[in-house]
Amino acid sequence: MDDNYLDSIFEKYLHAKKIFKNKEVLRHSYTPKELPHRREQIEELAHILVPVLRGETPSNVFVYGKTGTGKTVTIKFVTEELKKISHKYEIPVDVIYINCEIVDTQYRVLANIVNYFKHESGVEVPLVGWPTDEVYAKLKEVIDARERFVIIVLDEIDKLIKKSGDDILYSLTRINTELSLAKVSIIGISNDLKFKEYLDARVLSSLSEEEVVFPPYDANQLRDILMQRAKDAFNEGVLDEGVVPLCAALAAREHGDARRALDLLRVAGEIAEREGASKVTERHVWKAQEKIEQDTMEEVIKTLPLHSKVLLYAIVLLDENGELPANTGDVYSVYKSLCDHIDLEPLTQRRVSDLINELDMLGIINAKVVSKGRYGRTKEIRLNVTPYKVKNIYRHDPQLQTVLTISMSRQRRLL
Ligand SMILES: Nc1ncnc2c1ncn2[C@@H]1O[C@H](COP(=O)(O)OP(=O)(O)OP(=O)(O)O)[C@@H](O)[C@H]1O
């Protein structure tokens with residue numbers, strides 16, 4: 001390789017203006033000192049929690065809003081402030097934050113709460129193994145060891161309820177009647193309002209004694225949020241004027257998601273940095289948008305349930321064979337042959353039709369209903385991603401190994 005060529009690359013990066021001052025500021029885990037456009041929600045939450053400072057139990061709260069509307073960051077911000085001020089008033093407050101996407105069973109939630117106090121109580125519940133009743137009994141014992149307020153934040157509470165039912169909420173929302181010293185309140189956070197349908201009426205009414213709604217941000221609000229973070233994240237003068245407004249406008253179009261807006265800004269900066277550019281421009285934002293969309297789609301395809309994966313693979317085979325658009329019946333028969341091939345009990349055609357709608361909603365395929373005159377209506381199914389891409393994503397998927405090893409000629413015979 002030409003030495004001069006490498007030299008010039010090193011020179012280019014060495015002399016490139018540094019884009020980021022502190023990239024951490026743009027990460028999801030960073031809690032900013034100010035939260036523009038969340039004043040109303042902060043005040044509502046403070047109003048709900050203030051009884052703590054008077055020695056009274058605050059109501060349970062249900063917090064609802066679409067993804068990226070600042071629910072988690074606002075709750076963390078308000079509970080941190082509450083801890084500070086209650087310290088001043090010498091009122092012991094513990095805030096236990098649990099992400100139910102990760103901690104998604106009744107046992108694990110209870111164990112997490114007990115283990116939060118392990119330094120004080122000396123009790124540590126193992127990840128599995130104890131009878132749930134025993135963990136619950138231990139939880140009451142450690143919490144009630146002294147007078148205090150315990151606020152349990154259950155983030156993504158819908159995931160927990162869908163997986164493990166609402167028994168846990170039934171116990172936790174009633175726990176105060178079984179305690180003599182401590183007082184417990186629950187803050188449940190969700191971006192899926194429909195999950196309330198899964199709750200028993202009594203559980204629902206005690207969980208949502210209070211409700212705080214987080215509306216999506218509009219483009220102007222996102223712009224303020226980005227401006228405030230950009231100040232600390234980027235070096236002065238490196239952001240072209242149109243960059244922040246474009247990130248804000250693109251994220252507003254998506255449903256006002258601040259996380260998406262921050263990702264766009266960060267990825268645009270990273271792309272500019274990699275190019276050795278001295279400024280982040282709108283072109284970098286468009287590239288960032290493309291990259292994020294690709295990454296998201298990949299993740300969605302990777303994490304589909306098994307039957308949807310097999311179904312998608314059937315559509316890929318039809319595409320490779322030049323047989324798209326196909327109707328539900330055609331897709332079903334290839335799906336069924338693939339299931340037989342890997343010893344998987346096929347779902348009914350009706351259920352598969354639902355899965356087709358889901359893949360359509362996720363944007364992976366396009367299923368358009370077309371009228372066939374007096375023969376009724378049918379769906380025309382097309383693939384929205386390249387077959388190569390799907391195959392590449394599934395190449396290392398252990399669940400699909402048997403399907404992937406079907407030879408080309410065999411695949412043709414399945415069709
Ligand atoms: N008003 C705001 N000011 C500054 N940053 C914000 C604001 N709102 C949201 N953010 C930032 O946007 C990102 C997403 O926010 P957060 O995680 O709180 O959203 P969420 O509503 O809990 O979303 P999800 O339901 O997907 O968990 C975080 O990085 C957060 O710091």
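This is a predicted model: local features need pLDDT of at least 70, side-chain atom pairs count only at pLDDT 80 or more; totals for chains, interfaces and linings use all residues.
Student: Why is T328 called partly exposed?

Tutor: T328 has 18 C-beta neighbours inside 10 Å; a residue is buried with 20 or more and exposed with 12 or fewer, so T328, falling in between, counts as partly exposed.

Student: What makes S353 one of the residues that T328 touches?

Tutor: Two residues are in contact if their C-beta atoms, placed from the backbone, lie within 7 Å, and under that rule T328 touches S353, I356, T378 and K379, once residues up to four places away in sequence are left out.

Student: How do you know that the ligand lies between two domains, and which domains are they?

Tutor: The domain assignment gives domain 1 (39-214), domain 2 (217-301) and domain 3 (304-414). Because domain 1 and domain 2 both give residues to the shell around the ligand, the ligand lies between them.

Student: What makes a residue part of that shell, and which residues are the closest?

Tutor: The cut-off is a C-beta atom, placed from the backbone, within 6 Å of the molecule. The ligand is surrounded by 19 residues, of which T67, G70, T72, V73 and A258 are the closest. Helices α3 (71-88) and α12 (258-275) each supply at least two residues of this shell.

Student: How are the residues of the shell divided by class?

Tutor: The shell holds seven nonpolar, nine polar and three charged residues. Gly is counted among the polar ones.

Student: What does the UniProt record say about residues 57-218?

Tutor: An unreviewed UniProt entry annotates residues 57-218 as "domain: AAA+ ATPase", an annotation that may be inferred rather than shown by experiment. In the model, this span is 42% helix and 21% strand, and its end C-alpha atoms lie 35 Å apart.

Student: How far apart are domain 1 and domain 3?

Tutor: Their C-alpha centres lie 42 Å apart.

Student: And how much of the chain counts as buried?

Tutor: Of the 415 residues, 35% count as buried, and the secondary structure of the chain comes to 19 helices and seven strands. Among contacts between residues at least 6 apart in sequence, 74% join residues at least 24 apart.

Key. Residues are numbered from 1 along each chain as its sequence is written. Domain bounds come from an automatic or database domain assignment. Helices (H or I, at least four residues) and strands (E, at least two) are DSSP runs, numbered from the N terminus.
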